[in-house]
Amino acid sequence: VSLHAANTLLLFELLRRTTGAAGRSAFVAAIFAAHPLHVESVAWVTERKDVLSTLFLLLTTLAYVGYTRRPSVRRYAAVMALFGLALMSKPMVVTLPVVLLLLDVWPLARTNMRRLILEKVPLLALALATTAITVAIQARVGAMAGLDALPLATRAANAAIGYVAYVWKTLWPFPLAAFYPLFDVSPVRVSAALAAIAAITFAAFHVRARHPYVWVGWLWYVVTITPVIGFLQAGEQGMADRFMYVPMTGLLIAVA
């Protein structure tokens with residue numbers, strides 16, 4: 001609970017510091033603090049890694065904002081060190097370099113794309129190394145489902161439905177469960193999910209010039225949920241509430 005409270009305050013400060021919109025930042029932080037999907041991450045001691053990794057993720061992002069305003073080797077080293085702590089807490093935060101690139105677009109409004117990408121190379125290298133180690137360990141202990149047990153087509157279909165299901169659970173968090181089985185991947189459900197994803201992505205892209213936070217928020221959600229959406233299946237769940245601890249923030253930013 002203490003870690004979750006700290007994350008709420010850090011999220012508010014991050015958004016307030018970068019956007020200057022205290023009211024909307026407070027709205028995002030308040031929903032983040034009280035949303036039912038976060039109960040699993042906060043109340044289940046096994047998932048302390050969720051709140052701990054997010055603590056370091058938010059500290060990394062705040063350090064990165066400080067670096068962008070006053071670049072120095074010391075400040076970048078702080079970003080790297082905090083990101084390392086986040087990765088050691090939970091590998092799901094490997095997508096943070098991409099999130100930082102999104103924040104460069106909005107609200108930081110940085111435009112030198114070549115420099116922005118080069119800045120992320122050390123962070124990406126750290127993330128890729130962590131990903132490789134995690135996949136190898138999960139496979140060695142038998143936690144990673146093989147393609148013979150769960151074919152790629154089934155994984156892709158389950159992931160497509162998952163992207164939409166998580167958005168719906170955010171809007172209407174009922175019913176909730178400790179375990180959700182794999183989805184019924186009927187052609188109709190998969191087609192409807194793909195159509196919904198395409199429509200939301202098109203709409204967010206279409207308004208990106210006037211409302212960049214919608215585009216950035218949607219991509220934040222899509223990018224950060226991807227490691228656990230099911231392409232690399234660890235466990236037998238179709239989805240899990242705890243996986244939305246970080247991705248939900250993108251949806252809340254878009255709404256706010």
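This is a predicted model: local features need pLDDT of at least 70, side-chain atom pairs count only at pLDDT 80 or more; totals for chains, interfaces and linings use all residues.
Trainee: How many salt bridges does a search of the whole structure find?
Mentor: The search finds 11, a salt bridge being a side-chain nitrogen of Lys or Arg within 4 Å of a carboxyl oxygen of Asp or Glu.

Trainee: What does E40 pair with?
Mentor: E40 forms a salt bridge with R242, with the closest N and O atoms 3.1 Å apart. E40 lies in helix α3 and R242 in the loop between α10 and α11, so the pair ties together parts that are 202 residues apart in sequence; helices here are DSSP runs of H or I with at least four residues, numbered from the N terminus.

Trainee: Are those two buried or exposed?
Mentor: Both E40 and R242 are buried, where buried means under 20% relative accessible area with a 1.4 Å probe, protein chains only.

Trainee: Switching topic, which residues have the most contacts inside the largest nonpolar core?
Mentor: They are F83, Y166, W220, Y221, I225 and M244, in a core of 67 residues, a nonpolar core being a set of buried Ala, Val, Leu, Ile, Met, Phe, Trp, Tyr and Cys residues joined through side-chain atoms within 4.5 Å. Helix α4 gives the most to this core, with 10 residues.

Terms used. Residues are numbered from 1 along each chain as its sequence is written. Side-chain values use heavy atoms; hydrogens and water are left out. Buried means under 20% relative accessible area, exposed over 50%, partly exposed in between (1.4 Å probe, protein chains only). Helices (H or I, at least four residues) and strands (E, at least two) are DSSP runs, numbered from the N terminus.
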